[in-house]
Amino acid sequence: MKITFPHLGNTFIGVKVLMEDLGNEVVLPPKCSKRTLEIGTKHSPETICLPLKINIGNYIESIEKGADTIIITGSCGPCRFGFYSIIEREILKDLGYDVEMIVFDPPDGEPMKLIRRIMKAANTKNPYKIIRSIVRGGKVLQLADELTDISNRIRARAVNSYQVDTIMDKFEKRVREVYGVKETIKLLKNTRKELESLEIDNKKQPLKIAIVGEIYTIIEPFANLYIEKKLGHMGVEVNKSLTTSQWIKHHLIPGPFGSKEEKEKWKAAKPYLSTLVGGHGRETVGSSIIYAENNYDGIIQILPLTCMPEIVAESILPTIQRDYDIPIMTLIVDEMTGEAGYLTRLEAFVDLLQKRREDNYERILSRS
Ligand code: SF4
């Protein structure tokens, strides 16, 4: 069994470690690229949302490298993600690829079904071994997400922000080469040390921008055209409302602990949106309010073209912008998105936020 899975930010690091810890062979999809998107777009329905197109590209590129089994999570919410595995399986079958797809659908009253699938993907029936490897993979993923966070904070403050990219690019290459939990954790810790040793300009007071929106486009840098890097080089500190490790905490840790943060977002969103609209539409509204209350300078909502839950959230965000006096910009991405226009919009938004901050300072000074 040669296992592969679609890319989603740092997820590949945790899943690779998890599978290696179980003694399974992993075929990592090549880093998402123009080729990945071209392959996916060519073989997917034209109007389907961007994540499915990139997934298809990932699968085909992994199959070319020898993968024969795909693992993917399922969903039962009111958005297209619930149909992803069905559509993807049909596309691959039509193209003549003989691969097995193991889907971790929510149990829906049949927990044994899900447990059997997990055992099949894990290639063992030993629950202790599976749980131990899941915990290890989760820990590695958490460290990888923290590393990305640290890189965002340092990029906004470093004397030379491009040194952060050099370190992170080297990490991304090395993390594909190392094997198992120990080596991966060692690499993560060493990379963190390297980042923390960079020279910081203490006079910089970075603008703070929050990224909210559809989970895939927030987390997968290729899908959001590397927005964290672009903003970081403009001297902006970026905070994402979702990471894969947070998603795991919300959905896999039982009881009120795991979903505490998510419930706070629902509570904040309630006056504007009180029901589930699929995807993370409700969380986008709630997160935006929480960021505004925490004095962020601006918010960027990012979503794939035709994403239903985020279109609902988008229609509410102008009211939040007015009620909380915080600039919010929406960016819609698909395979036709041009980098130059995207960058211009980011630069214009950052200029606007900078001007607002300066005007606020002047107002405070004139009052004192
Ligand atoms: S959340 Fe939006 S982009 Fe993601 S699967 Fe659902 S409809 Fe598609």
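Let me start with the domain contact: 18 residues of domain 1 touch 19 residues of domain 2. Contact here means that two C-beta atoms, placed from the backbone, lie within 7 Å. This is a predicted model, in which local features need pLDDT of at least 70, side-chain atom pairs count only at pLDDT 80 or more, and totals for chains, interfaces and linings use all residues. Residues are numbered from 1 along each chain as its sequence is written.

Which residues make up the two domains? Domain 1 is 2-129 and domain 2 is 205-367. These bounds come from an automatic or database domain assignment. The two centres, taken over C-alpha atoms, are 27 Å apart.

Now the domain 1 side of that contact. Both α2 (34-43) and α3 (50-64) supply at least two residues to the side that touches domain 2. The most comes from α3, with four residues. Helices are DSSP runs of H or I with at least four residues, strands are runs of E with at least two, and both are numbered from the N terminus. By class, this side of domain 1 has ten nonpolar, seven polar and one charged residues. For the classes, Ala, Val, Leu, Ile, Met, Phe, Trp, Tyr, Cys and Pro are nonpolar; Asp, Glu, Lys and Arg are charged; the others, Gly among them, are polar.

Next, the ligand. Where does the ligand shell draw its residues from? Domain 1 and domain 2 both contribute, so the ligand lies between them. There are 13 residues around the ligand, and C49, C79, F81, G279 and C307 come nearest. A residue counts as near if its C-beta atom, placed from the backbone, lies within 6 Å of the molecule. Helix α15 gives the largest share of the shell, three residues. The shell has nine nonpolar, one polar and three charged residues.

On to strand β7, residues 298-304. Is β7 buried or exposed? Seven of its seven residues are buried, so the rest of the structure largely encloses it. Buried means 20 or more other C-beta atoms within 10 Å of the residue's own, exposed means 12 or fewer, and partly exposed is in between, with C-beta atoms placed from the backbone. G298, I300, I302 and P304 point one way from β7, while I299, Q301 and L303 point the other way.

What pairs with β7? Strand β5 (residues 207-213) does, in the parallel sense, over five bridges. Two strands pair if DSSP finds at least two bridges between them. On that side, I209 has G298 of β7 as its bridge partner. Strand β8 (residues 328-333) also runs parallel to β7, joined by six bridges. There, P304 stands opposite V333. Between β7 and β8 the chain passes through helix α15 (residues 308-324), in a right-handed β-α-β crossover. Right-handed means that, with the strands pointing away from the viewer, the path from the first strand over the helix to the second runs clockwise.

There is also an open sheet of four strands. Its order is β2-β1-β3-β4, with parallel pairing. β2 (25-26) and β4 (100-104) stand at the edges with a single partner strand each, so one side of each has no neighbour in the sheet. Strand β3 (residues 69-73) runs parallel to β4, with five bridges. Across that pair, I71 is opposite I102.

Helix α1 is next, residues 11-21. Eleven of its eleven residues are buried. The buried set includes the charged K16, E20 and D21. The cover over α1 includes β1 (2-4), β2, α6 (127-157), α7 (162-177), α8 (180-196) and α11 (244-252). After α1 comes G23, with a positive phi near 85°.

A223 sits between α9 (215-219) and α10 (227-233). It counts as buried, with 26 C-beta neighbours inside 10 Å. Leaving out residues up to four places away in sequence, A223 touches L50, P51, I54, Y216, T217 and V333. A223 and P51 are 172 residues apart in sequence, yet 7.8 Å apart in space, C-alpha to C-alpha.

Most residues other than glycine have a negative phi. L225, in the loop between α9 and α10, has a positive phi of about 55°. L225 is partly exposed, with 18 C-beta neighbours inside 10 Å. N123 has a positive phi too, about 65°. N123 lies in the loop between α5 (111-122) and α6, and is partly exposed, with 16 other C-beta atoms within 10 Å.
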